[in-house]
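Thank you for making the time this morning.

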Number of protein chains: 2
Amino acid sequence: MSTAPLDRWTLSRALTRMANASTAELAQAAPRERPAHAARRIGITGAPGAGKSTLVGHLALERLSKGRLGVLAVDPSSPKSGGAILGDRVRMDDLAGSAELYIRSLGSRRTCDGLADNLPEMLDIMDEFDFDEVVLETVGIGQAEYAVRAQVDTLVLVLLPESGDTVQAMKAGIMEMADIFVVNKSDLPGAQRMATDIQRIAAVTSQPEGAWRAPILLTSASQPASIRALSQAIDSHQAWRSADPQRSQHLRAQRARYRLKRLLEMRVAEAIAVQADDFFDAPLQQQLATVLTAVRTAHDL
Amino acid sequence: MSTAPLDRWTLSRALTRMANASTAELAQAAPRERPAHAARRIGITGAPGAGKSTLVGHLALERLSKGRLGVLAVDPSSPKSGGAILGDRVRMDDLAGSAELYIRSLGSRRTCDGLADNLPEMLDIMDEFDFDEVVLETVGIGQAEYAVRAQVDTLVLVLLPESGDTVQAMKAGIMEMADIFVVNKSDLPGAQRMATDIQRIAAVTSQPEGAWRAPILLTSASQPASIRALSQAIDSHQAWRSADPQRSQHLRAQRARYRLKRLLEMRVAEAIAVQADDFFDAPLQQQLATVLTAVRTAHDL
């Protein structure tokens, strides 16, 4: 655990600067080895209305004992400059006074995969500020899970009973990505049936020897024991991942893939944006060549 | 209007083939001049639950008299191979028998902006099959509106009373994009107040001389007159746009921008996907150079 007090003001400034960083600055902030003291990264994702914010609040309260805790909540509609604590996070009153807790809501105007702008680099900043753990809350909108998967060590998929979430998640291939399934608002009818459905789907999926078997948990904000069980499942998964370095190697490459792809997409978008309307009257081959040359030049390649 | 009967089987096959087209095939299907007989394109977008599907059904019934009508409904969770009529479109029984109506649900697995895969090329196919009008239904998830804006001639933004949709739309800069505002389910409390709110926001937005002033309509599936009013507003906007060729010129360039950007993004993603995990241990400059060279080679540049 960290001993120096958390400098909230400097952290907030650093995150804001990174959120607004240009592609040139991002290319400088190159992917590097994570420091020895790297925060555990826990992703909580699910459809809107699944009760993620409340769940994250309770989970943060439960896990604050484990050290310095950061909560980054991606709000797709939040303006990029905003860094306010989410308005509806009222239940987090208990937490707001803690010196070792930092909560930030992040906008996602430029990216379209449900992640915040420059999120990978912002997660690196959390490492620099000696966080022990970072909880990343994202809204699942189909593509978001693919992007968030590589950014976190443990991915918790939050489902709402009777919502058709299971079918949607299966269709989108998200079920295979989750490390932990949570059927939230478990006092709603259909919660137990949903858990059974997921169990049945998981049972028919063949997995190699030694693979992680994603547990299926029922949670409710009104049942503290269910939050503790979730917290323990996260610990178990982190322990499983740490037991074999190979388990994180592929994840690191996926993170690097995401960064490279995003950096090039931003450069391509910039190169296209500066072209005049009549540029697009040219043959497609010529358009492609011009844009690629612009990207090469921007990177001195 | 078209005289030859609509060949549904050939159309369905052509759309499926395009939905699954590779980047190489897309590069061949280069952006071109739209034929003289190009379908009017009407976009209907809004948050999930705003009642878009039902509204589109009623609107289609109203506009079927104007000629051959296609409805492309983008369902982010639909599997790519699916082409079924949406299950919940039960109210469209009246329409299903019409020889001049074609309805198709499109998946969007690869794109992350809420548009279907290869949508621009699929819209071109609708032109080839002599459609007079194509209604494109998309779910607004923040970024989707930017992408859909350029694809359609008239953009209708559907809002739900008391939903906070106005605030979300303002934040995301979507309000400026809409050609027509619709407060749907107008029998719900708060509908009139929402319309007044939008009116007030629109009033303070300064606009150049001759600019289109987006009307604000209240609609309800149970009030046929409100659907007719929406249909007439669409006609008015199409007439306004046709009155001056310059009004569509910028839109055409935006469409070409979107295609070029997407084609390059797909190529970049392909070039990154084939790299082994240890490729990402190399310096970033080298990674960038390798990927750009792969994209150039793929396009013979």
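How many of the seven residues of strand β2 (residues 69-75) of chain B are buried? Before I answer, please keep in mind that this is a predicted model, in which local features need a pLDDT of at least 70 and side-chain atom pairs count only at pLDDT 80 or more, while totals for chains, interfaces and linings use all residues. Residues are numbered from 1 along each chain as its sequence is written, and chains are lettered from A and ligands numbered from 1 in the order in which they are written.

The answer is six of the seven, so β2 of chain B is largely enclosed by the rest of the structure. By buried I mean that 20 or more other C-beta atoms lie within 10 Å of the residue's own, with 12 or fewer counting as exposed and anything in between as partly exposed, the C-beta atoms being placed from the backbone.

Strands are said to pair if DSSP finds at least two bridges between them.

Let me turn to chain A, where strand β1 (residues 40-46) has seven of its seven residues buried, so this strand too is largely enclosed by the rest of the structure. In a regular strand the side chains alternate between the two faces of the sheet. In β1 of chain A, A:Arg40, A:Ile42, A:Ile44 and A:Gly46 point one way, A:Arg41, A:Gly43 and A:Thr45 point the other way, and all are buried. Seven bridges tie β1 of chain A to the parallel strand β4 (residues 133-139) of chain A, with A:Gly43 standing opposite A:Leu136. A further five bridges, again in the parallel sense, pair β1 with strand β5 (residues 154-159) of chain A, where A:Thr45 has A:Leu157 as its bridge partner.

Stepping back to chain A as a whole, we have eleven helices and seven strands, and 44% of the 301 residues count as buried. Of the chain A contacts with a separation of 6 or more, 79% are between residues 24 or more positions apart, a contact meaning that two C-beta atoms, placed from the backbone, lie within 7 Å.

The chain is divided into domain 1 (8-243) and domain 2 (257-298), with bounds that come from an automatic or database domain assignment. Seven residues of domain 1 are in contact with six residues of domain 2. On the domain 1 side, the elements giving two or more residues are α2 (23-28) and α6 (144-151) of chain A, and α2 gives the most, with three residues. By class, that side has six nonpolar, one polar and no charged residues, where Ala, Val, Leu, Ile, Met, Phe, Trp, Tyr, Cys and Pro count as nonpolar, Asp, Glu, Lys and Arg as charged, and the others, Gly among them, as polar.

Now two residues in chain B deserve a word about their backbone. Most residues other than glycine have a negative phi. B:Asp130, however, has a positive phi, near 60°, and is found in the loop between α5 (119-128) and β4 (133-139) of chain B; B:Asp130 counts as partly exposed because it has 16 C-beta neighbours inside 10 Å. B:Lys185 has a positive phi as well, near 50°, and lies in the loop between β6 (180-183) and α8 (191-204) of chain B, but B:Lys185 is buried, with 22 other C-beta atoms within 10 Å.

Finally, a word on confidence. The mean pLDDT of chain A, which is the predictor's confidence in each residue from 0 to 100, is 82, and 81% of the residues of chain A reach 70 or more. Over residues 78-91 of chain A, pLDDT stays under 50. Where pLDDT is low, the predicted coordinates should not be read in detail. For the complex, the predictor gives an ipTM of 0.76 and a pTM of 0.76.

How values were computed:
Helix = DSSP H or I, 4+ residues; strand = E, 2+ residues; numbered from the N terminus.
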